[in-house]
Amino acid sequence: MAKQLAFRTVHEPQAGAKWQSLFELHWSAYERWFLSEGERERPGYLAGFNALRRHMPELLPTYERLCALAGGGDLSSRMLSLYRPPAYITGCSQAVLANGNSNVLVRNYDYPPELCEGTILSSCWNGRQVIAMTDCLWGVLDGMNDSGLAVSLAFGGRTVVGDGFGAPIILRYILEFCDTTPEAAEVLARVPTHMAYNITVNDAQGRYVTAMIAPDRKATIKRVPVATNHQKKIEWYAHALASETLIRERQLSILVDDDATTEERLVSAFFAPPLYRTDHRRGLGTVYTSVYRPLQGRVQFHWPEHEVDLSFTHFPETNFTIHYGPRHHGAG
Amino acid sequence: MTTKLTSISDVRRFFHNNKEPVYFISATNFNLLGIGDWVGNFRHINYINCFDDKQKNVFVPKEKFPRDFESIEDINNYLLEHKEVIDYIRSRGEQGVAAFLMFDEHTEEICEQLGLRVAFPPAKLRSRMDNKIETVRIGNKVGVPSVPNVLAKVDSYQHLLEISKELGTHDLVIQSAFGDSGHTTFFVSNEDEYYRYAEEIEAEEEVKIMKRINCRGSAIEACATRCGTVVGPLMTELVGFKTLTPYKGGWCGNEMFAGAFTQEVRDKAQEYTNKFGEALREEGYRGYFELDFLIDMDTNEVYLGELNPRVTGASSLTNVAAFAHSDVPLFLFHLLEFSGQDFDIDIQAVNDRWAHPDSIDSWSQLVIKHTDESVDLLTQAPESGVWRMAADGSIAYDHYDSHPHAAESEQEAFFMRISGVGDFRYEGADLGILITRGRLMDDDFQLNERAKAWIDGIRGQFAGQSVQDPVVEQVAVNHAVGGGNFKIL
């Protein structure tokens, strides 16, 4: 069965009518998701507000503005706090190539396309321009800011769920309030996550880390340029097997360790197996490839037959549909 | 700082001019109906919309989900953490006074954050006072006797007989430290009856084992203040009527009238309540409380039943009668005690006035629950307001009002609807509360004809649709069996 996803690029410096219409477009799906384990399982509004205030206080004015745009209701505000949301898993591969010649963060996002928003949002909410692939309406799957900080997340391959935030909101916080990789690392060490994630960060000076964050143990933050879907040793074999996390990690490691690897070579590796995955039926296919060049403030989104090139100075608003399936139909 | 209040008219003026928001946060506004007439800036924040948005001082968040609440505290915490409630409180000045039926330490934390002052002693103290076993000990200390009892842990039926030997009977009533309205009172007169409840009884650290007596339940409300304890009238209790409640021994209403008990019994109850109020103050507790007294019908002895250190289901009557209106409702003494305002009121004089038979006009209330085992979805429910009964016993809606006083005669009754259209009707669900002038029981403490006609009339106003979808029915049954099945009043 062929699947498709409509992508759009949205430029709105201050959240307003455009964000509001995105909220309205996606809310019924998010509401279903948020209530999937029963309303009672989700923390109350005050608990989410307090968690944000405690761990990411600078984000509160933005949060409150978005809550108001979402209608000011209780449930939407609770969902938007992304505090202890329902559990979810993703695939993903990501790698940084940062040396004398290169400074790039590349990633494949592997997920069911029907559960992806497809919104690339350019904003300037806190005096800092941010371009990001959004998730949960204002969270970030991958993105960068005008200080040259780029981030990307991959599911950590562990089933543990605990007290903390959905990772996309932590990435948003980093892009809104951090300039450098050390600053981002401090946030990743401090802010609790509700599931296991591998977050790769890269900045304009080519400093990079991958943080393995989880609700049940202290974050491990190391100068590692690649991440797929496991943390240290494999814990969830079925997922590791289905997502081929070890094979992908090995290929990425070989590539970034090889002095002969250029940005072009790395990026093109993301377009072919095992990194590029076509298992859309099981929700493990690649939805898009993004390439962040923090120094130039430029990001490219790639599909087999389509490409979008965006920057802080060039961000046209477009809509296009990507078809996924055994054969690639390209952009329609 | 205003000057010390020394008279009842000072107290009235003080509350009429009140500017600081006062919130009563509860499932419904039943317990403190009408208090808004006395206290400026008084608001109810409720989960159930009993008045269909007709009542200006009732705020109910619109975005709600059917939940299996575990307790009244759980409802209150849910309300206080709800965005609409927080926005509402903030829109009114982000400060104020919060009153509850029940609250816990989490409630206290939320209130602190929201800038609300809790007008009650700390939850921890209240919870200690609420312990039925603790109540016996406090009473013993100040000479307020309980029904002959033993406090002990029970391991088996044999063990029960051994430790209760001194009571001289096998006809026993066993109560756990906490629990309400017939859920945790066990009547045990033989081994079979014991085994029905053995698991619950043996799970307790300590239970109260009483000799079963032929008694009438009664309730009295009071307020411990720095100037003394203000005592309301002794009310009868309606208990365990099958047409009202599925719970054996479950509370289902009250009657208040001057001659409810003999003068001797009433005097005794007042004296005991005064003593108990002083004992509570010594424990550090102050403010509103209610005592259940068990009146032995054979000997006229007055025994302490239990203490509810809070506003209760009987408060709706205590605060509407003539004495409350001639001075101020009892709850205002509570608010005054927690207001930070200095006062010196002659409480003895208030008590003397309130105890006078002329002060006690007659009021009754019925709490009507669904008593069938059936589960259905309500498609029709009677509106809150004043209902009128015709000569043939049929009833019809007369007009909207939010105050029981609006029912002017015994042909009228104020009805407060709890379960509404779209709610599940299941065994034990509260359908509504009826408050009327006059009595609803006869001298033998049986429901009178008028009461039966009102119960039938109100039940007849509800209609339900049987639940077709087995999944939906399962959800409803779980709701009934699970957390939803507690006393919300």
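The legends below describe close-up views of a predicted model. Local features need pLDDT of at least 70 and side-chain atom pairs count only at pLDDT 80 or more, while totals for chains, interfaces and linings use all residues. Residues are numbered from 1 along each chain as its sequence is written, chains are lettered from A and ligands numbered from 1 in the order in which they are written, and side-chain values use heavy atoms, with hydrogens and water left out.

View 1. Strand β8(A) covers residues 197–202; strands (E, at least two residues) and helices (H or I, at least four residues) are DSSP runs, numbered from the N terminus. Six of the six residues of β8(A) are buried, that is, under 20% relative accessible area, with exposed meaning over 50% and partly exposed in between (1.4 Å probe, protein chains only). In a regular strand the side chains alternate between the two faces of the sheet. A:Tyr197, A:Ile199 and A:Val201 point one way from β8(A), and A:Asn198, A:Thr200 and A:Asn202 point the other way. β8(A) pairs with β7(A), residues 150–155, in the antiparallel sense over six bridges; two strands pair if DSSP finds at least two bridges between them. In this pairing A:Asn202 is the bridge partner of A:Ala150.

**View 2. The hairpin of β8 and β9 in chain A.** Strand β9(A), residues 208–214, is joined to β8(A) by six bridges in the antiparallel sense. A:Val201 stands opposite A:Val209 of β9(A). Five residues lie between the two strands of the hairpin, and A:Gly206 in the turn has a positive phi of about 80°.

**View 3. A:Thr220 and its contacts.** A:Thr220 is found in strand β10(A), residues 217–222. A:Thr220 is buried, with a relative accessible area of 16%. Not counting residues up to four places away in sequence, A:Thr220 touches A:Thr210, A:Ala211, A:Met212 and A:Lys232; contact means heavy atoms within 4.5 Å.

**View 4. The open sheet of chain B.** Ten strands form this antiparallel sheet in the order β14-β13-β10-β11-β12-β15-β21-β19-β17-β18. β14(B), residues 302–308, and β18(B), residues 395–399, stand at the edges with a single partner strand each, so one side of each has no neighbour in the sheet. The twist averages 30° from one strand to the next; axes are lines fitted to C-alpha atoms, for helices over the stretch in contact, and angles run from 0 to 180 degrees between N-to-C directions. Helix α9(B), residues 263–283, packs on the sheet and touches β10, β11, β13 and β14 of chain B. The direction of α9(B) makes about 125° with that of β11(B).

**View 5. Helices α1 and α12 of chain B.** The axes of α1(B), residues 8–16, and α12(B), residues 330–337, come within 11 Å and cross at roughly 75°. B:Ile8, B:Val11, B:Phe14 and B:Phe15 in α1(B) meet B:Leu332, B:Phe333, B:Leu335 and B:Leu336 in α12(B).

**View 6. Cysteines of chain B.** The whole structure has zero disulfides over all chains, a disulfide being a pair of cysteine sulfur atoms within 2.5 Å. For B:Cys111 the nearest cysteine sulfur, that of B:Cys223, is 19 Å away. B:Cys111 is buried at 0% relative accessibility. The sulfur of B:Cys223 is 11 Å from the closest cysteine sulfur, in B:Cys227, which is too far for a bond. B:Cys223 is buried, with a relative accessible area of 0%.
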